[in-house]
Structures are given as C-alpha cells and as structure tokens.
Amino acid sequence: MAFNTQRLQFAGHSGATLAARLDLPSGPLRAYALFAHCFTCSKDLAAARRIAAELAREGIAVLRFDFTGLGSSEGEFASTNFSSNVADLLSAADYLRDRYQAPSLLIGHSLGGAAVLAVAKDIPEVRAVATIGAPADAAHVLKNFGTSLEEIEKSGAAEVDLAGRKFLVRKQFVEDTRAQSIKDAVASLKKPLLILHAPLDQSVGIENATEIFLAAKHPKSFISLDKADHLLSNPEDAAFAGRIISGWLTRYLAADTPHGTGPIEHVRVTETGESRFQNAVQAGSHRLFADEPETVGGLDSGPSPYDFLSIALGACTSMTLRLYADHKKLTLGRIGVDVSHAKIHAKDCEECSETERSGSARIDHFERVISIDGEVSEEFRDKIVEIAGKCPVHRTLESVAKIKTVVKQNFK
C-alpha cells in the first residue's frame, strides 16, 4: 500500500508551534499512531521515516513531530525537560483527536520510549504501546552529559555536546528527569506492550529492556533487533522494526475496513485545508490525495490532476489489453504502461490530421508506451496498438465530452 505525507503544525504544551508530519495510507485507514523521537533527534530521523512508512503500508497513519525547541519546532530547548516532552505528546494526541482520530498506538524511540510509557495512562484511546531502545530510567540520558553534569549542578546551566551539537541544559532538566519513575508507569500501564531492543546497543544497554519487561504486566512482548545500532541507521533494521510493530498491532485493532464515511457511488474531492492545493479524494471506499508539486506551491502529497488523467489512461489500457488476451486465450506477459502528458502546439502533433495541425492553439498530448514481458511478434505489436486504442478512457480523451456543472450550498 502506498502512502502520503502531510506537513502539519500544532500548538505544543507552551503554545510554541510544533512541526509535524502525518504519514497517511492511500487505502483504508485502520488507526492512528503517535511517534516520539529520541533525545535531541527529530521527526525526520531516517529510522522514524522508515518505521512510519511501514505502518502506513498496513493502513496505520503515523503522526511524528519535533518536540519543543528541536528540529523545525519553535521554542527553546533549554526551557524543556522530560515533563514538557510528555506534555507535548498530550498536545499531539489532542490535535489528532480534534482533527482526525485519537491515537490507538504510541511508539517511542529511546527517551521518546520512556515518554510514551509515562503518558500512555493519560490517553484513554491508546490500545497498545511499543518502545524501541528505551531506557528503564529517564535519568539514563544524563550519562550523555559527561563532565558537563557537574557544571550544570554547580552553576545551574551548561552547554552540553550531544552528537556533535551544542545544547544549553539547565538544572531543572536534570532535576525533572531524576524525578521520573518509568518502571512505576510501566507497572500500572494496563495496556499491551511491545519492547524492541538491540543486544549490542551502545547508548542504552539491553539490561534496560529486561527491567521494563519485568516491570510490565502481561500482555507483553520482547523482540531482539539483533545487530542494530541505537539509531537503527541501517534501513533494513528500521524497516524490520516497522513491520514487527505493524504486525503486532493488528491483534489489537479492528478489522481492516475503512473508517468514517462508507463507500460512495461517485468520486468526491474535498479540500483538506492543510495547504493551498491538497484535496482528499474518495472513490468508492478508496481514499487518497490530489495535490500539486512543491515547485508550484503544493505539498506533493498526491498525484496532480493531469497525473490522474494519465493514471486513468494507463490503467484502462492495461486492463483492456488483459481482457482482450483472456478473451482470445492469448499468452501475454505482464503489461506495463508509461504515460506522459504535455501541452504542445497543434502544428507539432504528428498524430493529428492536417486540419488539426493547421491551428495555432496548444493541445493536450499524451504519449503512451506499452511494455510486455516476453517476446512479442511484429504483427502482434500492431494488434496491441489497435486494442489499446479501443480503451474507453482513450476514446473519452479523444472525443469531445460534455460536462454539466451544478453549484450547491452546504448548510451546517
């Protein structure tokens, strides 16, 4: 299943605008998940993107965002702490609940894992929680501060070098982190828990997974990430984690059916309000986006209107050829159709008649390239071109269609 990504913004716990991405399945949507990134990381960490992509392919929408003061979000990192991260997660859950649907799954990576364990009890709609490389104690993160920890406790603040970047950390961060009791939160979780951890994790040792597992009540599961590093920098490790989470989660979700409005007989296109051009498309029970490229002010979250026309021509061509081959009991390899669209001057149209080429107007020109697996004789190539020309969408595009338009007002 393909997916689309929306760029979003919402207010965090302090009122600062937080930058987010919502990865949405293009097919039936089963549930929403909320992803919390690792300490000083961002929503755009490669592992976060890949895990979200795997869940989206299984019909699970994933909201990932930058905590206050990190990534593209507003606010000062120095004013944040573990409690503020938890508060940002609650703000994100409220945003999903108000605009879409409350999250059914919480996923946390590293310190983000500790945060989702702490916040799960405060989001009643959450059905399950998954952690990746999470510490059993939030204060574990203080080990990364080295000698700067003494300076923070002595002077009240200090610059800390974390993965080559400088962050101002105040004493309140240290005190707040030490005050957290993650294992107590795990013990009272009362929700299914999946723990993923790499035995060779050099940042958060595997013993943390053991402590979380022992503190949790059943149902609880542990999956080893084998030779993965803490950030899941190997794409295969991140994809594996995403597949495991999505497969495990299906046990706690409703059947794979579309949420919201039932199937409709026609196509409905509605502005989402999230950008200038993005529209939600519903065709029967199928849902996807229509959009424009970023170069013209869109989000590039879905095909453009002319892309949809090309899709229609390509799909119709492939289906028409398959119907013909089946009817004639012909052995025809897998069919592929590449379609490109352009506006050209009528005089440059090789397929047009003399009368059509004499005009000065620009016309729509579709170029269709049909590929067939296996050998195809020259005689059969001509037949394929002939049958492709009988595709209903082909005929519609070549004919003059009549369009009736009615305007109605919606009353709310």
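Thr-317 is buried, with a relative accessible area of 0%; buried means under 20% relative accessible area, exposed over 50% and partly exposed in between, with a 1.4 Å probe and protein chains only. The residue sits in helix α9 (residues 305-327). Helices (H or I, at least four residues) and strands (E, at least two) are DSSP runs numbered from the N terminus. Leaving aside neighbours within four places in sequence, Thr-317 is in contact with Val-337, Arg-368, Ile-370, Ala-388 and Cys-391, where contact means heavy atoms within 4.5 Å.

This is a predicted model, in which local features need pLDDT of at least 70 and side-chain atom pairs count only at pLDDT 80 or more, while totals for chains, interfaces and linings use all residues. Residues are numbered from 1 along each chain as its sequence is written, and side-chain values use heavy atoms, with hydrogens and water left out.

**The chain as a whole**

The protein chain has 12 helices and 15 strands. Its C-alpha atoms fill a box of roughly 90 × 45 × 45 Å, taken along the principal axes. Of the 412 residues, 45% count as buried. Among contacts between residues at least 6 apart in sequence, 62% join residues at least 24 apart.

Leu-105 is buried, with a relative accessible area of 0%, and His-109 is buried, with a relative accessible area of 2%. The C-alpha atoms of Leu-105 and Ala-31 are separated by 8.0 Å, although the two are 74 residues apart along the chain. The buried residues of α8 are Ala-238, Ala-239, Ala-241, Gly-242, Ile-245, Ser-246, Trp-248 and Leu-249. What covers them includes α1 (46-57) and the strands β4 (60-65), β5 (105-109), β6 (128-132), β9 (193-197) and β10 (220-224). At the start of α8, a side-chain oxygen of Asn-234 reaches to within 2.9 Å of the backbone nitrogen of Glu-236. This is a polar contact, a pair of N or O atoms within 3.5 Å; within protein, one must be able to donate a hydrogen and the other to accept it, and residues adjacent in sequence count only if both atoms are side-chain atoms.

**Helices α4 and α5**

Two packed helices are described by the angle between their axes and the distance between the axes. Helix α4 (residues 148-155) and helix α5 (residues 171-178) pack at an angle of about 105 degrees, with their axes 8 Å apart. That makes α4 roughly perpendicular to α5. Axes are lines fitted to C-alpha atoms, for helices over the stretch in contact, and angles run from 0 to 180 degrees between N-to-C directions. Angles under 35 degrees count as roughly parallel, over 145 as roughly antiparallel, 65 to 115 as roughly perpendicular and the rest as oblique. Leu-149, Ile-152 and Glu-153 in α4 meet Lys-171, Val-174 and Arg-178 in α5. By class, this contact has 3 nonpolar, no polar and 3 charged residues. Ala, Val, Leu, Ile, Met, Phe, Trp, Tyr, Cys and Pro count as nonpolar, Asp, Glu, Lys and Arg as charged, and the others, Gly among them, as polar.

**Loops and backbone angles**

Ser-73 is in the loop between β4 and α2 (82-99), and at 10% relative accessibility it counts as buried. Not counting residues up to four places away in sequence, Ser-73 touches Thr-17, Leu-18, Ala-19, Asp-66 and Phe-67. A polar atom of the Ser-73 side chain lies 2.9 Å from the backbone nitrogen of Ala-19. The C-alpha atoms of Ser-73 and Glu-175, 102 residues apart along the chain, are separated by 24 Å.

Most residues other than glycine have a negative phi, and most peptide bonds are trans. The exceptions below concern backbone angles.

| Item | Angle |
|---|---|
| Thr-40 | phi about 60 degrees |
| Asp-300 | phi near 60 degrees |
| His-218 and Pro-219, cis peptide bond | omega about 5 degrees |

Thr-40 is in the loop between β3 (31-36) and α1, and is buried, with a relative accessible area of 6%. Asp-300 is found in the loop between β13 (286-290) and α9. Pro-219 is in the loop between α7 (207-215) and β10.
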